[in-house]
Amino acid sequence: MSRRDFKTIEFLTTRRFTANGMPVAVQLHWMNAKTPKKILIVDDAETLTLFLREALDSEKYEVRTASDGENGYATYLDFHPDLVVTDIQMPGISGLDMMKNIRMHKPNVRTIYMSGDLDRYRLLLQAEQSGYAVKLLAKPFTRSEFLTLVTNLSNAPPNGSNELPRH
């Protein structure tokens with residue numbers, strides 16, 4: 001292969017896009033970087049959990065799910081995910097309380113909180129955002145919105161610094 005052919009291939013690679021709209025070359029770099037590969041989804045809505053799992057499976061993440069905060073905590077201890085996607089309001093232990101327990105083991109675990117009523121938890125969520133790598137996702141949302149948020153949080157510093165873009 002000549003040098004010219006290599007440049008052509010390299011140029012073409014950066015012009016192809018993945019299903020989530022990211023250029024292939026960027027995604028390959030992103031997938032090889034130290035980013036969350038293991039994701040835990042915790043939500044009591046089974047249909048939503050399946051939807052999120054399918055979206056993440058298509059992006060080659062290793063995914064586990066739980067239907068409430070208690071099972072989510074137990075799954076976390078067994079699975080050790082890099083990112084936790086959780087509903088806030090669930091039967092038994094809430095997503096916020098589950099994350100308090102998880103943060104005793106790994107304070108800098110990245111988190112996406114989902115809710116149909118984010119305003120109800122605004123003060124608690126602001127405190128979370130000031131100290132940790134946290135994103136908020138208002139229900140209902142699209143697959144694209146979800147995957148973009150996962151990608152943004154995956155590339156954000158894990159310590160919750162102010163560099164995190166707000167959703």
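The legends below describe close-up views of a predicted model.

Local features are reported only where pLDDT is at least 70 and side-chain atom pairs only at pLDDT 80 or more, whereas totals for chains, interfaces and linings use all residues. Residues are numbered from 1 along each chain as its sequence is written, and side-chain values use heavy atoms, with hydrogens and water left out.

**View 1. Overall arrangement of the chain.**
The chain contains seven helices and five strands; helices (H or I, at least four residues) and strands (E, at least two) are DSSP runs, numbered from the N terminus. Along the sequence these elements follow the pattern α-α-β-α-β-α-β-α-β-α-β-α. Of the 167 residues in the chain, 42% are buried, where buried means under 20% relative accessible area, exposed over 50%, and partly exposed in between (1.4 Å probe, protein chains only). Among contacts (heavy atoms within 4.5 Å) with a separation of 6 or more, 64% are between residues 24 or more positions apart.

The five strands form an open sheet in the order 2-1-3-4-5, with parallel pairing; two strands pair if DSSP finds at least two bridges between them. Strand 2 and strand 5 are the edge strands, each pairing on one side only. From one strand to the next, the twist averages 15 degrees. Strand 1 is joined to strand 3 (residues 83–87) by four bridges in the parallel sense, and Val42 has Thr86 of strand 3 as its bridge partner.

**View 2. Helices lying across the sheet.**
Helix 3 lies across strand 1, strand 2, strand 3 and strand 4, and runs at about 170 degrees to strand 2. Helix 4 lies across strand 1, strand 2 and strand 3, at about 150 degrees to strand 2. For these angles, axes are lines fitted to C-alpha atoms, for helices over the stretch in contact, and the values run from 0 to 180 degrees between N-to-C directions.

**View 3. Strand 4, helix 6 and strand 5.**
Strand 4 (residues 110–115) and strand 5 run parallel and are joined by five bridges. Ser115 has Ala138 of strand 5 as its bridge partner. The chain passes from strand 4 through helix 6 to strand 5 in a right-handed β-α-β crossover; right-handed means that, with the strands pointing away from the viewer, the path from the first strand over the helix to the second runs clockwise. Strand 5 (residues 134–138) is largely enclosed by the rest of the structure, because four of its five residues are buried.

**View 4. Surroundings of Glu128.**
Glu128 is located in helix 6 (residues 122–131) and is buried, at 10% relative accessibility. Not counting residues up to four places away in sequence, Glu128 touches Leu96, Arg103, Tyr113 and Val134. The C-alpha atom of Glu128 is separated by 9.8 Å from that of Lys100, a residue 28 positions away along the chain. The side chains of Glu128 and Arg103 form a salt bridge (3.1 Å, N to O), a term that denotes a side-chain nitrogen of Lys or Arg within 4 Å of a carboxyl oxygen of Asp or Glu. This pair links distant parts of the chain, with Glu128 in helix 6 and Arg103 in helix 5 (residues 95–103), 25 residues apart. Arg103 is also buried, with a relative accessible area of 7%. Salt bridges that share partners join another set of residues, Asp43, Asp87 and Lys139, into one network.

The whole structure contains seven salt bridges. One of them joins the side chains of Asp43 and Lys139 (3.0 Å, N to O). Asp43 lies in the loop between strand 1 (38–42) and helix 3 (46–58), and Lys139 in the loop between strand 5 and helix 7, so the pair ties together parts that are 96 residues apart in sequence. Asp43 is buried at 2% relative accessibility, whereas Lys139 is partly exposed at 23%. A further salt bridge joins Arg64 and Asp78, whose closest N and O atoms are 2.9 Å apart. Arg64 belongs to strand 2 (residues 62–66) and Asp78 to helix 4 (residues 69–79), so that distant parts of the chain, 14 residues apart, are linked. Arg64 is partly exposed at 32% relative accessibility, and Asp78 is exposed, with a relative accessible area of 57%.

**View 5. Helix 7.**
Helix 7 (residues 143–154) has 12 residues and reaches 16 Å from its first C-alpha to its last. This span is close to the expected 16 Å, the expected value being 1.5 Å times one less than the number of residues. Its buried residues include Phe146, Leu147, Leu149 and Val150.
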